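Here is a short briefing on one protein chain. Look over the sequence and the model before reading the points.

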Amino acid sequence: MVKKAKTYRPEEFDEIDDRPSRSQLKRDMIELQQLGADMAALGDKVVKEAGLPPEVEKALLLIKSMTKHEARRRHMQYVGKLMRTFDTTHVRELVETAKLGHQVKTAEFQRVEDLRDRLLDGDDDLLSKLYEVYPDEAQRLRQLALGARREAAAGKSPKDSRALFRLLRSLPPFEE
């Protein structure tokens, strides 16, 4: 008995399967688990005020109490499953806002550090600009800048440098 060779018919493959692949489903699930972990990391107060479904809120609050690795992993899978049941746009916005807030704070901290370092390096032009912008604090700025320079030259502890940093941080943003 001779087997007939099956002929290739391209029209059989014209229908495109619109479902996501299994790999894509797994990537989506991992993303939702990470989103849940990020949301839980924002703190209990944020989670409670987020207006999440009660079972999701309860699961997110429970994450911090989990210490065993395997139990935490399984619980995160459960959180990912719960996150699929509702629109996560609001949760994503909360997490992104928190991340951006951290970046803004870091940039502000670095900006103040840069100002302090420039004052310590002897940038008197910057000091005179600060005099104009903050006339009420001009004398204190000058005293702390000169004291910090003397401390750095003598190798002493940076007491005035720290005080100068705190003063610069308490002032409204300075634009050159």
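Phe 165 is buried, with 9% relative accessibility. The model is predicted. Phe 165 belongs to an aromatic pair, and its partner is Phe 109.

**The aromatic pair**
- The whole structure holds one aromatic pair.
- The ring centres of Phe 109 and Phe 165 are 5.1 Å apart and the planes meet at 65°, so the pair is edge-to-face; the cut-off for that class is over 60 degrees.
- Phe 109 sits in helix 5 (residues 89-120) and Phe 165 in helix 8 (residues 159-170), so the pair ties together parts 56 residues apart in sequence.
- Phe 109 is partly exposed, at 36% relative accessibility, whereas Phe 165 counts as buried at 9%.

**Fold and shape**
- The chain has eight helices and zero strands.
- Its pattern along the sequence reads α-α-α-α-α-α-α-α.
- The radius of gyration is 29 Å, well over the 16 Å that the globule rule gives for 176 residues, so the chain is more spread out than a compact globule.
- The C-alpha trace spans about 105 × 40 × 30 Å along its principal axes.

**Burial and contacts**
- Buried residues make up 28% of the 176 in the chain.
- Among contacts with a separation of 6 or more, 61% join residues 24 or more positions apart.

**Surface and charge**
- The chain carries 34 positive and 32 negative side chains.
- The centres of these two sets lie 9 Å apart.

Definitions and conventions:
Residues numbered from 1 in each chain as written. Predicted model: local features only at pLDDT ≥ 70, side-chain atom pairs only at ≥ 80, totals over all residues. Heavy atoms only, no water. Helix = DSSP H or I, 4+ residues; strand = E, 2+ residues; numbered from the N terminus. Rg over C-alpha atoms; globule rule 2.2 N^0.38 Å. Buried < 20%, exposed > 50% of the residue type's maximum accessible area, 1.4 Å probe, protein only. Contact = heavy atoms within 4.5 Å. Lys, Arg positive; Asp, Glu negative; His and termini not counted. Charge placed at Lys NZ, Arg CZ, Asp CG, Glu CD. Phe/Tyr/Trp six-rings, centres within 6.5 Å; stacked < 30°, edge-to-face > 60°.
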